[in-house]
Amino acid sequence: MKIFFYTLRPFDELDYCERFKQQYGIDYAWTTEAPNPGNLHLADGCDAVSTNPCEIRPEYLETFARGGVRYLPCRSIGYDHIPLNAARQLGLRVSHSHYPPEGVANYTIMLMLMATRKMNQIMLRAAAQDYSLQGKMGRDLSDCTVGVIGAGKIGRTVLRHLAGFGCRLLAYDLYPQPEAGVKAEYVDLDTLYAQSDVITLHLNATPENHHLIDAAAIARMKDGVLLINTARGTLIDPDALVRGLESGKIGGAGLDVVEDETGICYYNRCGEALNNRELALLRSFPNVIVSPHTAFYTDVNVASMVKSVFEAVDHFAAGVPEPNEVRL
């Protein structure tokens with residue numbers, strides 16, 4: 001058995017690959033490059049191809065399948081970069097990674113604290129040696145109503161940890177879980193929009209929730225609402241977000257993801273003109289914090305993401321059910 005890793009980071013993932021090669025007895029090869037027509041042949045003879053979020057075209061999967069690839073274990077929880085229809089037609093099995101929810105949940109709360117306390121403006125002005133107080137007064141998170149959209153593992157962890165702050169907690173999920181109901185009140189989206197001072201998103205990207213937060217949704221929110229997104233950039237309509245910030249309807253945002261970030265996040269693009277107007281506009285607002293998709297990035301999580309690849313391939317090959325398989 002052999003896995004080919006694209007977009008492998010030698011400074012952190014490689015050591016874990018070597019560790020899990022020994023544990024599972026599965027060989028691997030790798031490149032730092034994303035798949036492209038010039039390097040697809042590198043996966044010939046391999047049983048699996050693993051990627052982080054990057055551009056994957058249906059024709060890439062056809063080439064992989066011709067070369068013997070049967071499995072596509074992603075090193076990310078999200079798998080929306082994989083053309084699933086093509087994978088299904090080719091008989092390729094897809095899985096996503098898993099890792100403990102605490103890393104993203106705690107990063108989310110960090111962004112909430114930074115947004116409520118206007119930390120971006122405080123630090124920007126401090127860098128210019130402006131230590132005055134005017135315009136820096138924040139809000140105490142403990143006095144806020146926080147709405148959590150998506151009460152899966154990460155969303156429930158956010159709720160559990162926020163309970164210690166004394167916040168009033170609201171939750172929305174298509175499939176309510178009793179565990180979340182202990183810490184929060186389940187409500188419909190309209191109620192959550194209308195009553196939340198802070199709204200945080202914890203959903204996978206699907207066609208149904210594309211631009212869930214659009215102009216109509218923002219209009220139903222409280223004036224000055226703070227938006228937090230550590231999930232997927234496609235959940236928020238970028239034009240509506242910018243208009244909401246410009247009008248003051250949205251009081252600020254803490255964003256670890258933006259739409260069309262593929263090819264930007266995880267790359268050094270210093271000195272380049274980036275083809276992402278949303279990112280450029282958002283970075284211009286003093287009440288917006290933008291981080292480059294790093295909420296997941298802890299030692300525990302990276303180890304878990306790499307391990308999940310070897311684990312999935314081992315399960316697929318042995319005919320053992322793989323709990324993180326994507327049902328096509």
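A: Begin at the start of α10, where a side-chain oxygen of D237 reaches to within 3.0 Å of the backbone nitrogen of D239. Note that this is a predicted model. Helix α10 covers residues 238-247. Its buried residues are P238, A240, L241, V242, G244 and L245. An α-helix has 3.6 residues a turn, so residues three or four places apart point the same way. Look along α10 with that in mind: L241 and L245 are both among the buried residues.

What do the buried residues of α10 pack against? Two helices are on the list, α9 and α11 (277-283). So are three strands: β10 (225-229), β11 (250-255) and β12 (288-290). Just after α10 comes G248, with a positive phi of about 90°.

Now follow α9 back to the loop that joins β9 (198-201) to α9 (215-219). H202 lies in this loop. Is H202 buried or exposed? Its relative accessibility is 12%, so H202 counts as buried. The H202 side chain makes a polar contact of 2.8 Å with the side chain of T200. Leaving aside residues up to four places away in sequence, H202 touches T108, V148, I149, G150, I154, G155, V158, T230 and A231.

N204 sits in the loop between β9 and α9 too. N204 is partly exposed, because its relative accessible area is 41%. Beyond four places in sequence, N204 touches I77, N209 and L235. A231, a contact of H202, is 27 residues from N204 in sequence. In space, the C-alpha atoms of N204 and A231 are 6.9 Å apart.

Finally, turn to another helix pair. Two packed helices are described by the angle between their axes and the distance between the axes. For α1 (residues 13-24) and α12 (residues 299-318), the axes come within 9 Å and cross at roughly 40°. The two helices are therefore oblique to each other. Their crossing is right-handed. From α1, the contact takes in E13, Y16, C17, F20, K21, Q23 and Y24. They meet D299, V302, A303, V306, K307, F310, E311 and D314 of α12. By class, this contact has 8 nonpolar, 1 polar and 6 charged residues.

Note on methods: Residues are numbered from 1 along each chain as its sequence is written. This is a predicted model: local features need pLDDT of at least 70, side-chain atom pairs count only at pLDDT 80 or more; totals for chains, interfaces and linings use all residues. Side-chain values use heavy atoms; hydrogens and water are left out. Helices (H or I, at least four residues) and strands (E, at least two) are DSSP runs, numbered from the N terminus. Buried means under 20% relative accessible area, exposed over 50%, partly exposed in between (1.4 Å probe, protein chains only). A polar contact is a pair of N or O atoms within 3.5 Å; within protein, one must be able to donate a hydrogen and the other to accept it, and residues adjacent in sequence count only if both atoms are side-chain atoms. Contact means heavy atoms within 4.5 Å. Axes are lines fitted to C-alpha atoms, for helices over the stretch in contact, and angles run from 0 to 180 degrees between N-to-C directions. Angles under 35 degrees count as roughly parallel, over 145 as roughly antiparallel, 65 to 115 as roughly perpendicular and the rest as oblique. A crossing is left-handed if the near helix is turned anticlockwise from the far one by less than a right angle, and right-handed if clockwise. Ala, Val, Leu, Ile, Met, Phe, Trp, Tyr, Cys and Pro count as nonpolar, Asp, Glu, Lys and Arg as charged, and the others, Gly among them, as polar.
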